[in-house]
Amino acid sequence: MWLLITGLVLFLGIHSISIVALSLRDKMAAKSELGWKLFYSLVSLVGIVLIVKGYADLRQTSTVLYATPLWMRHVAATLLLPVFVLFLVSYFPGRIKNVIKHPQLLAVMLWAVAHLLVNGTMADVILFGSFLIWAIADRISMINRVSRPVPGVPKSNLNDVIVIVAGLALYLMMAFWWHELLFGVRPFV
């Protein structure tokens, strides 16, 4: 369990710098933007490795906290439909990005809620619950701070078509192939 928690603290902690210490983040980036990005990436990568290892270990012995009915899988699958689209929107700005101000945070929230609806072990609640709480906190903090620009293609209405087609394609590939390959679970059995 400690590997998972340490990984979450590292990954979500470094992603929370703008929430809790924006001036520190800005000072570090001003000193050396490349140095800050390398540090940020390295801490994130170590966090991801520890999350994956810790989650895999904890899943082997994890306590079941709750069980949901089988039909809840359909609700989760429906909630996950826009996740990849929303994740791509920041990099391909168009009308969707104008309507949804922080699409990646919404994607994380939907992803976490969908997984919490169908996975009730301690490992799942710790992992997906942590991401849900972090995304909500980050979204609330966005009310009082200015978003930094995300690098991407120029704004265009054609980008909406691109993100919808690409996002749904990624959803289908994840649901029918990658999820089992990466996590050992077939969402649609």
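Analyst: This is a predicted model. A helix pair is read from the angle and the distance between the axes. Here helix α8 (residues 103–118) packs on helix α9 (residues 122–141) at an angle of about 150°, and the axes lie 9 Å apart.

User: What does that angle make α8 relative to α9?

Analyst: Angles over 145 degrees count as roughly antiparallel. The pair has about 150°, so α8 is roughly antiparallel to α9. The crossing of the two helices is left-handed.

User: Which residues of α8 and α9 meet?

Analyst: From α8 the contact takes in Leu105, Val108, Met109, Trp111, Ala112, Val113, His115 and Leu116. On the α9 side, the residues include Val125, Phe128, Phe131, Leu132, Trp134 and Arg139. By class, the residues of this contact are 14 nonpolar, 2 polar and 3 charged.

User: How many helices and strands does the chain have?

Analyst: The chain has 10 helices and 0 strands. Read from the N terminus, the order of elements is α-α-α-α-α-α-α-α-α-α.

User: How does the radius of gyration of the chain agree with that of a compact globule?

Analyst: The idea is to set the value against what the chain length would give. For 189 residues a compact globule would have a radius of gyration near 16 Å; the chain has 18 Å, which agrees. The C-alpha trace spans about 50 × 40 × 30 Å along its principal axes.

User: What share of the residues count as buried?

Analyst: Of the 189 residues, 37% count as buried. Among contacts with a separation of 6 or more, 77% come from residues 24 or more positions apart.

How values were computed. Residues are numbered from 1 along each chain as its sequence is written. This is a predicted model: local features need pLDDT of at least 70, side-chain atom pairs count only at pLDDT 80 or more; totals for chains, interfaces and linings use all residues. Side-chain values use heavy atoms; hydrogens and water are left out. Axes are lines fitted to C-alpha atoms, for helices over the stretch in contact, and angles run from 0 to 180 degrees between N-to-C directions. Helices (H or I, at least four residues) and strands (E, at least two) are DSSP runs, numbered from the N terminus. Angles under 35 degrees count as roughly parallel, over 145 as roughly antiparallel, 65 to 115 as roughly perpendicular and the rest as oblique. A crossing is left-handed if the near helix is turned anticlockwise from the far one by less than a right angle, and right-handed if clockwise. Contact means heavy atoms within 4.5 Å. Ala, Val, Leu, Ile, Met, Phe, Trp, Tyr, Cys and Pro count as nonpolar, Asp, Glu, Lys and Arg as charged, and the others, Gly among them, as polar. The radius of gyration is taken over C-alpha atoms; the globule rule is 2.2 Å times the number of residues to the power 0.38. Buried means under 20% relative accessible area, exposed over 50%, partly exposed in between (1.4 Å probe, protein chains only).
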